[in-house]
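User: Please take a close look at one helix-helix contact in this model and describe its geometry and its side chains.

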Amino acid sequence: WSLAAMSCLDWPLLEEVSQRACVVACEFNIQELSNCCWALATVRWRDPPLFDVLAEGLVAKAGGGVNQDLTNSMWAFATVACPHP
């Protein structure tokens, strides 16, 4: 989230963060998943494997969130043209 808020376009750093997020995303709550989606879309980082992992988490935890979390996530998927969830 902070990288997107600072408009950080350090692609090697984003690649590292993306790879790590794929591993730990299952531990994220719905807001963290949503924030991750928003941040990636804000910097136009299109990473289908990561968005697949995030989508799985969003679907599994959708009942525990608020509409804003889901709305932000749907915006993010549309922005980077990933067809989930």
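Analyst: In the contact of the two helices, Phe51, Ala55 and Leu58 of α4 meet Ser73, Ala76 and Phe77 of α5, where contact means heavy atoms within 4.5 Å. These residues divide into five nonpolar, one polar and no charged; Ala, Val, Leu, Ile, Met, Phe, Trp, Tyr, Cys and Pro count as nonpolar, Asp, Glu, Lys and Arg as charged, and the others, Gly among them, as polar.

The model is predicted: local features need pLDDT of at least 70, side-chain atom pairs count only at pLDDT 80 or more, and totals for chains, interfaces and linings use all residues. Residues are numbered from 1 along each chain as its sequence is written, and side-chain values use heavy atoms, with hydrogens and water left out.

The axes of α4 and α5 (lines fitted to C-alpha atoms over the stretch in contact, with angles from 0 to 180 degrees between N-to-C directions) come within 12 Å and cross at roughly 155°. The two helices are therefore roughly antiparallel to each other, a term for angles over 145 degrees.

The count of aromatic pairs, that is, rings of Phe, Tyr and Trp (its six-membered ring) with centres within 6.5 Å, comes to one. Phenylalanine 51 and phenylalanine 77 form this pair, which is edge-to-face (planes over 60 degrees apart), at 5.0 Å centre to centre and 80° between the planes. The pair links distant parts of the chain, 26 residues apart: phenylalanine 51 lies in α4 (residues 48-61) and phenylalanine 77 in α5 (residues 67-79); helices are DSSP runs (H or I, at least four residues), numbered from the N terminus. Both phenylalanine 51 and phenylalanine 77 are buried, meaning under 20% relative accessible area (1.4 Å probe, protein chains only).

Conventions
Rings of Phe, Tyr and Trp (its six-membered ring) pair if their centres lie within 6.5 Å; planes under 30 degrees apart count as stacked, over 60 as edge-to-face and the rest as tilted. Buried means under 20% relative accessible area, exposed over 50%, partly exposed in between (1.4 Å probe, protein chains only). Angles under 35 degrees count as roughly parallel, over 145 as roughly antiparallel, 65 to 115 as roughly perpendicular and the rest as oblique.
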